Amino acid sequence: MGVASKAWRCSGGVLVNNISAEILHHQKQKQPSPRQDRRHCWSYLPWRRRTAVPWTAVCGLLLFVVGLISLFTGHVASDLEWYSQRLVKRTWYYKKDRGYRAPIDIWKSKFSNLYYGCSDRGPHFAPAVRERFSNGYLLIATSGGLNQQRTGITDAIVVARILNATLVVPELDHQSFWKDESDFINIFDVEWFIAYLAKDVPIVKRVPEKVMRSMDKPPYTMRVPRKSEPDYYLEQVLPILLRRRVVQLTKFDYRLANDLDDDLQKLRCRVNYHGLRFTKSIRSLGLRLVTRMRKMAKRFIAVHLRFEPDMLAFSGCYYGGGDKERHELGEIRKRWDTLPELSPDEERTRGKCPLTPHEVGLLLRALDFDNNTYLYVASGEVYGGEETLRPLKELFPNFYTKEMLASQELESLLPFSSRLAAIDYIVCDESDVFVTNNNGNMAKILAGRRRYMGHKRTIRPNAKRLSALFAARNKMEWSTFSRKVKSCQRGFMGEPEEMRPGRGDFNEFPSACICQKPHEYFPLNKNQPHQHFDRFRNVSADDEYVGNEHLRTRFV
């Protein structure tokens with residue numbers, strides 16, 4: 001019996017000189033012959049065994065040899081995955097496609113049209129209890145920036161469902177670093193929020209005066225542990241709610257377990273992808289910016305660039321700014337008494353350092369986005385200012401921000417960081433390709449939303465592998481660097497095959513809410529309406545991808 005049922009019963013700073021010229025020279029030399037085509041990094045050559053040697057032994061030997069070469073040459077063993085994929089069986093729906101030798105489509109996935117977001121209520125999902133019959137009122141105080149609070153609001157609905165409680169519209173955080181005084185009603189369409197989720201959970205704007213007057217004591221306040229299981233809420237919170245009638249949960253961010261039963265996971269999706277709609281004024285402004293980008297270019301990339309001084313200081317990484325950077329970021333880092341001493345080199349090797357703006361540019365150019373590509377950059381204060389952004393702008397001159405597209409229209413929003421973040425959220429979601437230099441809250445939430453809305457191309461840097469490759473950039477030709485970057489990024493390009501149940505943060509990989517369409521690629525399933533993702537394995541993404549755009553969503 002599900003939990004819900006139980007509740008109802010009860011860069012290292014490296015700069016590359018003349019990079020654009022080098023790329024152009026390399027592109028002019030590209031005259032691929034049939035033989036060269038077979039050697040292209042995105043091609044697939046099946047491995048044919050001639051002996052009885054186990055493939056695991058071959059992989060181990062290959063790893064040792066490439067590692068030994070890397071040790072003496074300084075080059076990165078980033079081709080290892082490319083070679084090792086020849087030893088691994090391919091996902092069966094890729095085998096069905098005979099066009100896999102063609103170059104990758106960097107703008108969209110060929111297989112995106114085979115899947116769709118599915119978050120409808122299941123047949124056994126009971127309708128919401130009426131307010132007067134609920135177990136009490138649940139107050140939620142969220143924490144952090146806009147997207148961290150968004151996760152808290154999403155989980156608040158699920159917790160209210162678990163507790164069979166009436167949810168009071170959540171209170172947003174006014175005390176965090178951003179000091180944003182915005183309330184829920186200033187950012188989200190509260191009437192839509194209440195109406196859309198009415199069949200899941202009763203929601204009210206405030207605790208009724210009659211209830212407040214009848215209480216002997218003020219609302220009971222508590223903070224639950226992070227990622228608490230549903231049983232914790234039933235055993236620790238529900239008895240207090242029944243006794244006190246009103247309970248407030250504070251600092252409510254990531255206070256609910258990642259893995260829940262499918263009905264509750266689908267409820268998360270209904271909240272996050274449908275119930276939480278921005279106000280009409282925010283939606284209108286965000287879509288105006290999208291329209292202005294579309295007038296300049298048929299398609300564009302949105303880059304979420306987190307490179308604020310406090311964020312860099314918190315990471316404990318080094319970005320090539322010398323003693324000045326070490327001193328400035330070191331002073332900022334002293335704000336957090338509990339942060340451990342970290343080795344910048346070790347953090348970069350572990351892939352914990354966000355990419356620099358220059359590294360983002362190199363990544364995109366190596367993936368074959370040319371310098372005519374239009375970029376929308378969503379960012380706050382960039383450490384180092386224009387000097388830090390200069391290499392990215394040189395690689396992509398068509399560089400735009402919300403301030404450049406709507407400076408006067410944004411004036412009234414400047415004191416409110418969450419409302420500005422909402423504008424960036426809309427433009428990033430509507431972009432053809434979304435790229436991030438970090439793995440923060442906005443990056444994860446948008447990655448999950450874009451999967452749910454049709455697997456629009458979403459590029460997550462494989463920072464652990466790319467870090468060494470960026471460091472060795474000057475030791476190899478551009479063609480070699482580009483090929484290695486493509487190898488590193490397999491499995492990080494937002495393909496449907498990257499999904500599998502239980503992988504990572506549910507906000508980023510909402511596998512319970514992604515279903516398969518009937519399609520000629522799936523002859524065994526022609527008579528089935530859809531299948532969930534638990535049928536698929538995660539393998540390399542070195543095939544041709546030619547997607548579609550018919551599943552694009554709007555914020556209206």
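Hi everyone, let me start with an open sheet of five strands, which has the order β4-β3-β2-β6-β5 and parallel pairing. Two strands count as paired here if DSSP finds at least two bridges between them. At the edges sit β4 (203-204) and β5 (220-222), each pairing on one side only. When I say helix or strand, I mean a DSSP run, numbered from the N terminus: H or I with at least four residues for helices, E with at least two for strands.

A quick word on the source: this is a predicted model, where local features need pLDDT of at least 70 and side-chain atom pairs count only at pLDDT 80 or more, while totals for chains, interfaces and linings use all residues. Residues are numbered from 1 along each chain as its sequence is written, and side-chain values use heavy atoms, with hydrogens and water left out.

Back to the sheet. Strand β2 (residues 137-140) pairs with strand β3 (residues 166-168) in the parallel sense, over two bridges. Across that pairing, Leu138 stands opposite Leu167 in β3. Which helix packs on the sheet, touching β2, β5 and β6? That is α11 (residues 230-244), and its direction makes about 135° with that of β6. Helix α7 lies across β2, β3, β4 and β6 (246-249), running at about 160° to β2. Contact in this talk means heavy atoms within 4.5 Å; axes are lines fitted to C-alpha atoms, for helices over the stretch in contact, and angles run from 0 to 180 degrees between N-to-C directions.

Now for the inside. The largest nonpolar core has 73 residues, and Phe193, Tyr233 and Leu249 have the most contacts inside it. Helix α7 (residues 146-163) gives the largest share of this core, nine residues. A nonpolar core is a set of buried Ala, Val, Leu, Ile, Met, Phe, Trp, Tyr and Cys residues joined through side-chain atoms within 4.5 Å. Buried means under 20% relative accessible area, exposed means over 50%, and partly exposed is in between, using a 1.4 Å probe and protein chains only.

What does Phe193 touch, not counting residues up to four places away in sequence? The list is Ile153, Ile157, Pro170, Phe184, Ile203, Val271, Gly275 and Leu276. Phe193 also belongs to one aromatic cluster with Phe184, Phe188, Phe278 and Tyr425.

On aromatics in general, a search of the whole structure finds 13 aromatic pairs. Rings of Phe, Tyr and Trp (its six-membered ring) pair if their centres lie within 6.5 Å; planes under 30 degrees apart count as stacked, over 60 as edge-to-face and the rest as tilted. Tyr232 and Tyr233 make an edge-to-face pair, 6.1 Å centre to centre with 90° between the planes. Is Tyr233 buried or exposed? Tyr233 counts as buried, because its relative accessibility is 0%, whereas Tyr232, at 25%, counts as partly exposed.

Phe470 and Phe481 form a tilted pair, 6.1 Å centre to centre with 45° between the planes. Phe470 lies in helix α22 (residues 463-471) and Phe481 in helix α23, so the pair ties together parts that are 11 residues apart in sequence. Phe470 is buried, with a relative accessible area of 4%, and Phe481 is buried too, at 0%.

Next, please find strand β10 (residues 433-436). Val433 and Val435 point one way from β10, Phe434 and Thr436 the other way, and all are buried. Strand β7 (residues 300-305) runs parallel to β10, and four bridges join them. β10 also pairs with strand β11 (residues 458-459), again in the parallel sense, over two bridges. Val435 is a handy residue to look at: Val435 is the bridge partner of Val303, and Val435 stands opposite Ile459 in β11.

Why is helix α17 (residues 357-366) described as largely enclosed by the rest of the structure? Because 10 of its 10 residues are buried, and those include His358, Glu359 and Arg365. Just after α17, Asp368 takes a positive phi of about 85°.

My last stop is Phe506, in the loop between α23 (478-488) and β12 (514-516). Phe506 counts as buried, because its relative accessibility is 7%. Phe506 and Ala257 are 249 residues apart in sequence and 9.8 Å apart in space, C-alpha to C-alpha. Among the residues that Phe506 touches are Asn258, Gln265, Arg268 and Cys269.
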